[in-house]
Amino acid sequence: TDPASPDRRLRGRTYAIPFEAVWRAAVGLARGGIRGWSLVEADDESGVIHAESKTLLFRFVDDVAVNVGLDENGQTRVDLESASRVGRGDLGRNARSIATFIKRLDRMLQASPSQILDPTRSPSWTPGS
């Protein structure tokens, strides 16, 4: 994911929600909260989750890395990478996996529009104001 991606599904998320709540929800999704996903490793110290996503029909495996951390404004930032293990083209599967994860994460967190921040904008407040 990239905050400047022209594909809105691939921009990741910046939440005005505490790290711990976002971390728990992300681990839960990677652990099987999405059909075909399984947790490989989760390290809350580094904020990295490694998971596998298997296609239902041919059982192709994609490797997924979810990074959960704090941005420069102290807000919780979630970025993902997904890569197919075999083949050259994924027919958009990796992008769909990322989009599904983010959509489900929003739902799990019950994130309101005011809690999903635009990472390309500066905060409208400054500390001490």
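This is a predicted model: local features need pLDDT of at least 70, side-chain atom pairs count only at pLDDT 80 or more; totals for chains, interfaces and linings use all residues.

Residues are numbered from 1 along each chain as its sequence is written, and side-chain values use heavy atoms, with hydrogens and water left out.

**Overall fold**

- The protein has two helices and six strands, where helices (H or I, at least four residues) and strands (E, at least two) are DSSP runs numbered from the N terminus.
- Read from the N terminus, these elements follow the order β-α-β-β-β-β-α-β.
- Of the contacts with a separation of 6 or more, 49% are between residues 24 or more positions apart, a contact being heavy atoms within 4.5 Å.
- Of the 129 residues, 36% count as buried, where buried means under 20% relative accessible area, exposed over 50%, and partly exposed in between (1.4 Å probe, protein chains only).
- The protein exposes about 7,900 Å², of which carbon and sulfur atoms supply 50%; accessible areas come from the Shrake-Rupley method with a 1.4 Å probe, and for residues only the protein chains shown count as cover.

- Helix 1 (residues 19-33) has V22, W23, A25, A26, V27, L29 and A30 as its buried residues.
- Those buried residues pack against strand 1 (13-15), strand 2, strand 3 (48-54), strand 4 (61-70), strand 5 (76-84) and helix 2.
- D106 is placed in helix 2 (residues 93-109), and it counts as buried because its relative accessibility is 13%.
- Leaving aside residues up to four places away in sequence, D106 touches R13, Y15, A111 and I116.

**Charged patches on the surface**

- E41, D43, D44 and E45 gather in a surface patch of negative charge; patches are made of residues with over 30% relative accessible area and no salt bridge, with like charges joined within 9 Å and nonpolar side chains (Val, Leu, Ile, Met, Phe, Trp, Tyr) within 5 Å.
- A salt bridge is a side-chain nitrogen of Lys or Arg within 4 Å of a carboxyl oxygen of Asp or Glu.
- Lys and Arg count as positive and Asp and Glu as negative, with His and the chain ends not counted, and a charge is placed at NZ of Lys, CZ of Arg, CG of Asp or CD of Glu.
- D43 lies in strand 2 (residues 37-43) and counts as partly exposed because its relative accessibility is 31%.
- R35, K103, R104 and R107 gather in a surface patch of positive charge.
- R104 lies in helix 2 and counts as partly exposed because its relative accessibility is 32%.
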